[in-house]
Amino acid sequence: MTDNTEGIGGLKYDKTKRAWPNELNIFFALIAIVLIFEALGQLLPYMNGQSMLFDFNTKRDGTILNIARLKIIILQVSIIGIIALGVTQVIISGGIDLSSGPLVGAAAMIVMSFAQTELVNGNPNPKAVFGDWAFDLPVIVPVMVGLMFGAFIGSINGSLIAYTRIPPFIATLGMFLICRGIAQWWTRGQPVSFPTEGYAWIGSGMMPVVWFLMLAVLFHFILKHTVYGKHTYAIGSNEDAARMSGINVQRHKILVYMIASMLAAFAAIVLSSKNLTAQTGMGQFYELFAIAMAVIGGVSLTGGRGSVVGTVLGAMVFGVIQSGFTYIRLDAFYQLMAMGTIIISAVVLDQWRQKNGKSRS
């Protein structure tokens, strides 16, 4: 009796070479990380037996889960998670985008200046950027301004990479500095505040989570079931083969970077709406955190492999780790060092998986 069965054309299927979906491995890793932090809460003497995600006082929320902490975790990752959805597509196509963090700061400053209300407590808006014509505009105006700004930045990134053959790292690093400069130049470093009620609604309550999940479902479908998705994977797997098969690689790269930058700009809209203000420093480290979420979620930095589901799970892993470090009262500088170590470990694991996969084949 053998496990091998004959397939079409005499090919054999070997059950011993089956592998679990990578997303399932990430899910198990998420559970393991939660259990580790729960154990630390019980073992560390200064924690006094606290629980990270559970609250056995069911009278508080009617459930044994710590709803407040769960909301904080999900809210923490949702805005950066929106950026990670775009970064995922860029990395799958074989590129990288370092400009998304500063783009958040620049887009937030620009968008908020078109989302201001005229009167604040009955007095003229003290943070007004433009004249009367820019007050109390319909909410669609600042949203479209932000998305168009993101598309503009993305088209520059994509064109530089596609037509001048500049490495994506260099092109987007240059845009990193340009966007940070735009954010500081727009109002000479002054914050922009007091948006209209319509604009404030975009990031109110749990709306950042809603936007993140809706966009995740949308781009999961797009990557898995559309020509755009198939071309993205094909270019990341083998750009020369994709070009020979008739794919317009240059045009597709520009489109991928435009979508990624538009998602970063939308994240800026949600963030500035949530905070009711825009500041030049917004988005600091967001580009690195977004890349970390994608890599932790199984997106290969060499391109051609990864999924939106994996990125969403990677975002949850990232959020649990970040919240867990705060839960065990780890100092902020130790947290940064630990997160850096985790990112490096995720990349090393990705390289090991690729080598292991090649050796088996």
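## Helix packing and a pocket

Helix α12 passes helix α13 in a right-handed crossing. The model in which this packing is described is a predicted one. The two helices, α12 and α13, pack at an angle of about 115 degrees, and their axes lie 7 Å apart. On the α12 side the meeting residues are F289, A292, M293, A294 and I296, which face T311, G314, A315, V317 and F318 in α13. Sorted by class, the contact of α12 with α13 holds eight nonpolar and two polar residues, with no charged residues.

Helix α13 also takes part in a packing with helix α3 (residues 67-92), where the axes come within 8 Å and cross at roughly 140 degrees. Because angles over 145 degrees count as roughly antiparallel and those of 65 to 115 as roughly perpendicular, α3 and α13 are oblique to each other. The crossing of α3 and α13 is right-handed. From α3 the contact draws on R69, I73, I74, Q76, V77, A84, L85 and T88, while α13 contributes V308, T311, A315, M316, G319, V320, Q322, S323 and Y327. These residues divide by class into 10 nonpolar, six polar and one charged.

A further packing joins helix α4 (residues 100-113) to helix α5 (residues 140-163), at an angle of about 145 degrees and with the axes 9 Å apart. The crossing of α4 and α5 is right-handed. L103, A106, A107, I110 and V111 of α4 make this contact with P142, V145, G146, F149 and I153 of α5, and the residues involved divide into nine nonpolar, one polar and no charged.

| Helix pair | Angle | Axis separation |
|---|---|---|
| α12 and α13 | about 115 degrees | 7 Å |
| α3 and α13 | roughly 140 degrees | within 8 Å |
| α4 and α5 | about 145 degrees | 9 Å |

Which helices each supply at least two residues of the lining of the second largest pocket? They are α1 (22-43), α12 (286-296), α13 (308-327) and α14 (332-360). By class, the lining of the second largest pocket comprises 10 nonpolar residues, four polar residues and one charged residue.

Notes
Residues numbered from 1 in each chain as written. Predicted model: local features only at pLDDT ≥ 70, side-chain atom pairs only at ≥ 80, totals over all residues. Heavy atoms only, no water. Helix = DSSP H or I, 4+ residues; strand = E, 2+ residues; numbered from the N terminus. Nonpolar A, V, L, I, M, F, W, Y, C, P; charged D, E, K, R; others polar. Axes fitted to C-alpha atoms, helices over the stretch in contact; angles between N-to-C directions. Left-handed = near helix turned anticlockwise from the far one by under 90°. Contact = heavy atoms within 4.5 Å. Parallel < 35°, antiparallel > 145°, perpendicular 65-115°, else oblique.
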